[in-house]
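Please read this short report alongside the sequence and the model. It starts with a single residue and then turns to the fold.

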Amino acid sequence: MGMVLSCPREALPGEAAAFLILTYELAVSAVSEAGEKIFGREQSLIGAQLLDLLMSPLGDDQLVRHASTAARGPGDPVVIPVRLTSRRAREVGTMAGRIATCGPPRAALLTVEPSDFGRR
């Protein structure tokens, strides 16, 4: 499946970024190839809810608020710590979740990358 979306340059950390595209209802509408390695196969992800896949140590309300805001309109990208909700959470660890607006149609772009969140 192919899709062309635009987003601010600072929304993507690199060309091969692991990302999800979320509708205004925070359902997954697309996943990158790199994202499949973290979240699972595209076929099982399409339509899944954000909180079924990720949580934030800052509180799920923060994750939902930032993703909802990005899906509804333009704004500055936000980076917050996120963790998988699956049993792979320990293996993958806490990631930096970058949330920004993309489109058309308007949606939230959520990229993830390894981070030092929570490490001492």
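## One residue, then the whole chain

Asp52 counts as exposed because its relative accessibility is 53%; exposed means over 50% relative accessible area, buried means under 20%, and partly exposed lies in between, with a 1.4 Å probe and protein chains only. Asp52 is found in helix α3. The C-alpha atoms of Asp52 and Thr85 are separated by 6.6 Å, although the two residues are 33 residues apart along the chain.

This is a predicted model, in which local features need pLDDT of at least 70 and side-chain atom pairs count only at pLDDT 80 or more, while totals for chains, interfaces and linings use all residues. Residues are numbered from 1 along each chain as its sequence is written, and side-chain values use heavy atoms, with hydrogens and water left out.

The chain has 5 helices and 6 strands, in the order β-β-α-α-α-β-α-β-α-β-β from the N terminus on. Helices (H or I, at least four residues) and strands (E, at least two) are DSSP runs, numbered from the N terminus. Of the 120 residues, 43% count as buried. Contact means heavy atoms within 4.5 Å; of the contacts with a separation of 6 or more, 50% come from residues 24 or more positions apart.

The strands form an open sheet of 6 in the order β2-β1-β6-β5-β4-β3, with antiparallel pairing. Its edge strands, β2 and β3, each pair on one side only. Two strands pair if DSSP finds at least two bridges between them; β1 and β2 have 3 bridges, in the antiparallel sense. Ile21 stands opposite Ala30 in β2.

A nonpolar core is a set of buried Ala, Val, Leu, Ile, Met, Phe, Trp, Tyr and Cys residues joined through side-chain atoms within 4.5 Å. The largest such core has 26 residues, of which Phe39, Leu50, Leu54, Leu63, Leu110 and Val112 touch the most other members.

Not counting residues up to four places away in sequence, Leu63 touches several residues, among them Leu50, Ile80, Ile99 and Leu110. In soluble globular proteins, nonpolar side chains tend to be buried together.
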